[in-house]
Amino acid sequence: MRLSHRLALALSLAAGPALAGNDPPRHQLRASADGNLVVGLCDGETSIEVKDVKPGDQMTREQGQQIADALMTEWRQKHRDAEWVAAAEPPTEAQLPGVKAPAEKQFQTYGAFSERDRRIWQESTDRLVAEGKRIFHDAKALGGTNAISCDMCHPDASNTHPETYPKFQVQLGRVALLRDMINWCIENPVRGKPFADDDPRLKALEAYILAQRKGVALDYGKH
């Protein structure tokens, strides 16, 4: 993560858990003088201009592969000493007193991240989970009309089994994701309006329910 992104995240954390109002860092790609398509990697820095192709033009899979190959070639040229998948040894307790290092190695694409990064990311995640817990226990936050909240049927998110999604749900008559069942419950037992996919409340509820099943193996489709 670049310094500017870390600083932006730190500032947003300091401002509090206003989940709906924080704009994430956005990658600004260089513009093409000829109006050609410009494609960028997720590092926010590496990009290429696709000659004679305009944004919105339909391309073949072969053309897409050529673009991806060109991007990765440029990235590797700028990071000659980096492995595509590099293993970073976790810090020892002697290096960071009071911080217990994980036993496993950390694998990442763009190089090692620091313990400070790890703490910032964990705090951000914990805030989202805490917001989900608040909404889970609050009928008004759920938009309900009958004072029923999620915890009344699912104390501490019990019997939700997020690790089993996607799976066929009889209530919906189709294969559902966890968020589909959250909305079904909001619309039916809670008697509220279902959340849009990009609603911060829906994301927070998903985060809380998943956090309550930490360590449980994924087993999609299980009933």
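A search of the whole structure finds 1 aromatic pair; rings of Phe, Tyr and Trp (its six-membered ring) pair if their centres lie within 6.5 Å. This is a predicted model, in which local features need pLDDT of at least 70 and side-chain atom pairs count only at pLDDT 80 or more, while totals for chains, interfaces and linings use all residues. Residues are numbered from 1 along each chain as its sequence is written, and side-chain values use heavy atoms, with hydrogens and water left out.

Helix H2 covers residues 61–78; helices (H or I, at least four residues) and strands (E, at least two) are DSSP runs, numbered from the N terminus. The 18 residues of H2 should span 26 Å at 1.5 Å a residue, and its end C-alpha atoms are 26 Å apart, which agrees. The expected span is 1.5 Å times one less than the number of residues.

Ile67, Leu71, Met72 and Trp75 are the buried residues of H2. They fall within an arc of 130 degrees seen down the helix axis, so they line one face of H2; the arc is that of the directions from the axis to the C-beta atoms. Buried means under 20% relative accessible area, exposed over 50% and partly exposed in between (1.4 Å probe, protein chains only). The exposed residues Glu62 and Gln66 are on the face of H2 turned away from its buried side. Strand S1 (37–40) and strand S2 (47–50) are among what covers the buried residues of H2.

Met181 belongs to helix H4 (residues 178–187) and is buried, with a relative accessible area of 8%. Leaving aside neighbours within four places in sequence, Met181 is in contact (heavy atoms within 4.5 Å) with Tyr165, Gln169, Gln171 and Leu172.

Definitions and conventions: Rings of Phe, Tyr and Trp (its six-membered ring) pair if their centres lie within 6.5 Å; planes under 30 degrees apart count as stacked, over 60 as edge-to-face and the rest as tilted.
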